[in-house]
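Please look through the model below before reading my notes.

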Amino acid sequence: MRQKLLREGADELSYEIRGIVRKAEQLEKLGYSILWENIGDPIQKNRKLPGWIKDIISGLIHEDLTYSYSHSKGVLSTRQYLAEKCSALGGVQITADDITFFNGLGDAIGKIYQYLIPSSRVIGPSPAYSTHSSAEAAHANSHPITYKLDPENFWYPDTDDIYQKVKENPNIVGMIIINPDNPTGMVYPREILEKMVAIAKEFNLFIICDEIYMNLIYNNAESCTLAEIIGDVPGISLKGISKEFPWPGARCGWAEYYNREKDPEFAKMCQTIDNAKMIEVSSTKLPQLAIPRIMKDPRYESFIKETNQHVGQRSKYLSKVFSDVPYITFNDTNGAFYNTMIFKPGVLKPHQRLKIEDPRVETLIDQWFTSNGKVELDKRFVYYLLAAKQVCLVPISSFCSDLMGFRMTLLEEDEAIRDETYKRIKEGIIEYCES
């Protein structure tokens, strides 16, 4: 082109969670079946919605209003229901006007950062969910600013470290919390959340709390929502139905604005996000209409409880399967449905590989390495596991982390497929590290 088209921040828009799919699809074209552990899609992992939820959704299809636009901020009755649900927790009080719907939380996250000035930075966790870290870094034309989650301390953040980083960098205007966390499966204890809110209050920051997994907590873990503890600090809670119902294909999420009136700059930011949504007219209406009908149903509470029991059982099974592998370390998962496993220091080396019998696959993996420039050691393992064992994982270095490891899921409903997946991963770790 006659001029450069992209600004520097475009380089930060990477998403290995889906990027590795392209490599797996190359193997599928060669006739291989892939065990998908790269993405948190319960439906893809044989989760079935109960009939009563499907009946509610199908009933809405016969209502004429389902086919019209909604209000630009979302269906009013649904926003009223969600606002009442939030306010009933006894913390911050909100109304329907404090809620805006988006076509999935990726849409919301993109709009939050789109209009921030590049010098305004939002500090987030590391390992980081890629959508947050990439969007923040892209808006700033720089690498993400992060606080570390400590694998030696249940993946909890070091709040003293957060305090120092915020104190030393006046460009930090906000803080990201993902609770329960993706990719680690850690659940933030209330006392840690309260310390993070206190830091935000002292330095006049806003908080973005991604709570998409808030109703997926198990193994007797305890936490609380941002609404319960935020006090008068400005904040945005991000919520949705993709993991909880689960209905990821609905692309339906919403933002709850807390304490907009407390800070004029934050109020303008929220209004700008709404204005950006207004240009699109509205978000998809069908899932919005379904939310109160499903959540008010007397069967919903037991449905969520049963879901958590099943995921909790799978988390304990995962810990049992991998507890005797000497090359990795990990914590039990207590929320969401992921586990992050870290290779012990010095275990990974550049020469390691897995045996590949098919020369076509050998050619492919050579291409993957030569076309990706520098390949981190954990990504090298993940590529070899995909090529040799046909299991698709995501390297932790792709989650804005200097740790070496991988993320796997707790989603597979079919026990035979789950057992085969874990068997291949475990064999792959041992064979690779001993090669």
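1. Two strands are said to pair if DSSP finds at least two bridges between them. In this predicted model, strands β7 (residues 206-210) and β8 (residues 235-240) are joined by four bridges and run parallel. Within this pair, Ile207 lies opposite Gly235 of β8.

2. Strands of a sheet are paired through backbone hydrogen bonds, and the pairing can be parallel or antiparallel. Here β7 and β8 belong to an open sheet of eight strands, ordered β2-β9-β8-β7-β6-β3-β4-β5, with mixed pairing. The edges are taken by β2 (99-102) and β5 (156-157); each has a single partner strand, so one side of each has no neighbour in the sheet.

3. How many helices and strands does the protein chain have? It has 14 helices and 14 strands.

4. On overall form, the radius of gyration of the protein chain is 22 Å, which agrees with the value near 22 Å for a compact globule because the chain has 435 residues. Its C-alpha trace spans about 60 × 55 × 55 Å along the principal axes.

5. Of the 435 residues, 58% are buried. Among contacts with a separation of 6 or more, 73% are between residues 24 or more positions apart.

6. The surface comes next. The protein chain exposes about 19300 Å², and 50% of this is supplied by carbon and sulfur atoms.

Technical notes: Residues numbered from 1 in each chain as written. Predicted model: local features only at pLDDT ≥ 70, side-chain atom pairs only at ≥ 80, totals over all residues. Heavy atoms only, no water. Helix = DSSP H or I, 4+ residues; strand = E, 2+ residues; numbered from the N terminus. Rg over C-alpha atoms; globule rule 2.2 N^0.38 Å. Buried < 20%, exposed > 50% of the residue type's maximum accessible area, 1.4 Å probe, protein only. Contact = heavy atoms within 4.5 Å. Areas by Shrake-Rupley, 256 points an atom, 1.4 Å probe, with all protein chains shown as cover.
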